Amino acid sequence: MTVLPGYRIEGHAIVSADGCIAGADGNTPASLNNEADWLRFQAALDMAAVVVVGRYSHEVNPNTMRRNRLVISSSAHGVERRADAWWWNPSQASLSAALHSAAPRGGIVAVPGGREVFDLFLASGYDAFHLARVAGVTLPGGVPLFTALGNGQTPETLLAAAGLESGPAETLDAAAGVTLVTWRRAAA
């Protein structure tokens, strides 16, 4: 079952052992950078019809590969085309309207974040979420993958609560302790 017919919503994140995507300063630390994960992630973005990011992620990660990008921002007026990307304000236009504008033929919608973007799609529904984790790295005071983390919640419990089921763990880089688990929407 897809969340939105014609589209496949796929989240992508690499997190620390404590479920953070960034340090306390809001930036991704070098300890979360891994070549094996990066190559897998870039290949997934190459397959996407559109890549959805937040405004901050758009600003700090220029679109050097010129992928079709949809930027979530409260400064957008509904869904609009700007010189650098499609821009979308979720309070003024639906997800369906945004995707039909940015990727009218459907396809894979890659969601690499940040946190507010991950939260938005957790609420609306992922078809799959590719969760890489770096064992042994913790980021005290860091930015969690989802706002609701803590109080016994982990990325895994939130994904399961959203109707996704975990696949087998895959080792991406044994020396660095990087694993990947793909969570998929449970069959109806």
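I took buried to mean under 20% relative accessible area, exposed over 50%, and partly exposed in between, using a 1.4 Å probe and protein chains only.

I worked on a predicted model, in which local features need pLDDT of at least 70 and side-chain atom pairs count only at pLDDT 80 or more, while totals for chains, interfaces and linings use all residues. Residues are numbered from 1 along each chain as its sequence is written, and side-chain values use heavy atoms, with hydrogens and water left out.

Entry 1. I looked up the salt bridges (a side-chain nitrogen of Lys or Arg within 4 Å of a carboxyl oxygen of Asp or Glu). I found six of them in the structure.

Entry 2. I examined the pair formed by glutamate 10 and arginine 8, whose closest N and O atoms are 2.7 Å apart. Glutamate 10 is buried at 11% relative accessibility. Arginine 8 is partly exposed, at 27%.

Entry 3. I then examined the salt bridge between aspartate 46 and arginine 67, with the closest N and O atoms 2.7 Å apart. Aspartate 46 belongs to helix 1 (residues 35-47) and arginine 67 to the loop between helix 2 (55-60) and strand 4 (69-72), so this pair ties together parts 21 residues apart in sequence. I note that helices (H or I, at least four residues) and strands (E, at least two) are DSSP runs, numbered from the N terminus. Arginine 67 is buried, with 17% relative accessibility.

Entry 4. I looked up arginine 82, which forms a salt bridge with glutamate 80; their closest N and O atoms are 3.0 Å apart. Arginine 82 is partly exposed, with a relative accessible area of 26%, whereas glutamate 80 is buried at 19%.
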